[in-house]
Amino acid sequence: MTTLAVPTLPDQPTVLDQLKALAQDTRYELVRHLAQGERCVCDLEVLLDLPQSRVSYHLGILREAGLITSEQRGKNMYYTLQRAPIFGLGGHLLTDLFPDHLPMTHQSNSVC
């Protein structure tokens with residue numbers, strides 16, 4: 001009997017992954033600038049007054065978290081904010097923190 005291998009999808013970033021990415025000052029500032037529209041990495045260097053290597057490092061983390069996308073055009077890399085994950089982040093966070101099945105008035109597992 002032959003077993004077919006099921007292709008695995010890359011792990012989707014979790015709410016916690018996205019919050020960690022946004023929790024760093026430089027990355028938060030990058031997201032704020034990208035919320036104004038697509039930017040070239042050279043523009044972001046100037047806006048943040050940081051070297052290209054540092055800006056690219058932080059952009060990579062945001063891209064891994066699924067918060068931005070990138071596209072190379074010629075010699076330059078352009079970055080775009082992914083609005084859906086940003087807008088959904090609050091809802092996903094609340095869903096993780098407050099699942100529907102919790103009782104609202106009684107804590108049956110209370111220590112005190």
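In this predicted model, the axes of helix α3 (residues 41-48) and helix α4 (residues 52-64) come within 9 Å. The two axes cross at roughly 110 degrees. Angles of 65 to 115 degrees count as roughly perpendicular, and α3 and α4 are therefore roughly perpendicular to each other.

Specific residues make up the contact between these helices. From α3, the residues are Val41, Leu44 and Glu45. They meet Gln52, Val55, Ser56 and Leu59 of α4. By residue class, the contact of α3 with α4 holds four nonpolar residues, two polar residues and one charged residue.

Salt bridges were examined next. A salt bridge requires a side-chain nitrogen of Lys or Arg within 4 Å of a carboxyl oxygen of Asp or Glu. By this rule, the count comes to three salt bridges. One of them joins Glu29 and Arg32. The closest N and O atoms of this pair are 2.9 Å apart. Both Glu29 and Arg32 belong to helix α2 (residues 25-34).

Methods. Residues are numbered from 1 along each chain as its sequence is written. This is a predicted model: local features need pLDDT of at least 70, side-chain atom pairs count only at pLDDT 80 or more; totals for chains, interfaces and linings use all residues. Side-chain values use heavy atoms; hydrogens and water are left out. Axes are lines fitted to C-alpha atoms, for helices over the stretch in contact, and angles run from 0 to 180 degrees between N-to-C directions. Helices (H or I, at least four residues) and strands (E, at least two) are DSSP runs, numbered from the N terminus. Angles under 35 degrees count as roughly parallel, over 145 as roughly antiparallel, 65 to 115 as roughly perpendicular and the rest as oblique. Contact means heavy atoms within 4.5 Å. Ala, Val, Leu, Ile, Met, Phe, Trp, Tyr, Cys and Pro count as nonpolar, Asp, Glu, Lys and Arg as charged, and the others, Gly among them, as polar.
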